[in-house]
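Subject: Structure handover

Hello,

Here is the structure for your files. Please look it over, then read my notes below.

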Amino acid sequence: MTFTPDNDNLPEEPLIFIIIGRAYETGDTDGVEIHVMLQAPDDDTAVREALNALAEEGFFQADLDQIGTLTDVPDEEPHASAYQGALEGEVSIIRFN
């Protein structure tokens with residue numbers, strides 16, 4: 001028997017965050033616009049994991065401008081694939097040139 005309290009504030013679906021900003025590689029003064037999509041329990045964790053993923057991809061600095069959660073599955077690429085990756089536990093970085 002599973003007990004679920006009536007005041008359970010945990011969402012039934014995983015939280016998929018999208019973080020919008022600009023990231024910079026070494027020697028790059030203009031940066032590149034990025035969207036990062038990932039699953040996390042809260043926005044602090046989402047930001048920390050996004051920054052770690054950007055560092056692993058070679059970015060040395062990032063200006064993160066907006067963060068939010070997605071309530072619907074995106075219809076268009078590349079966001080649809082990034083959303084699916086986030087559901088599977090990946091951190092997806094979308095770069096715009």
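Two strands pair if DSSP finds at least two bridges between them. Helices (H or I, at least four residues) and strands (E, at least two) are DSSP runs, numbered from the N terminus.

This is a predicted model: local features need pLDDT of at least 70, side-chain atom pairs count only at pLDDT 80 or more, and totals for chains, interfaces and linings use all residues. Residues are numbered from 1 along each chain as its sequence is written, and side-chain values use heavy atoms, with hydrogens and water left out.

Strand pairing:
- β2 and β4 run antiparallel, joined by 5 bridges. E33 sits opposite F96 in β4.
- β1 and β2 also pair in the antiparallel sense, over 8 bridges. F17 faces L38 in β2, and I19 has V36 as its bridge partner.
- Y24 has Q61 as its bridge partner in β3.

Burial (buried means under 20% relative accessible area, exposed over 50%, partly exposed in between; 1.4 Å probe, protein chains only):
- In β1, 7 of the 10 residues are buried, so the strand is largely enclosed by the rest of the structure.
- β2 is mostly covered, with 6 of its 8 residues buried.
- Helix α2 (residues 79-87) buries H79, A80, A82, Y83, G85 and A86. Their cover includes β1 (16-25), β2 (32-39) and β4 (92-96), where contact means heavy atoms within 4.5 Å.
- Just after α2, G89 takes a positive phi of about 95 degrees.

Best regards
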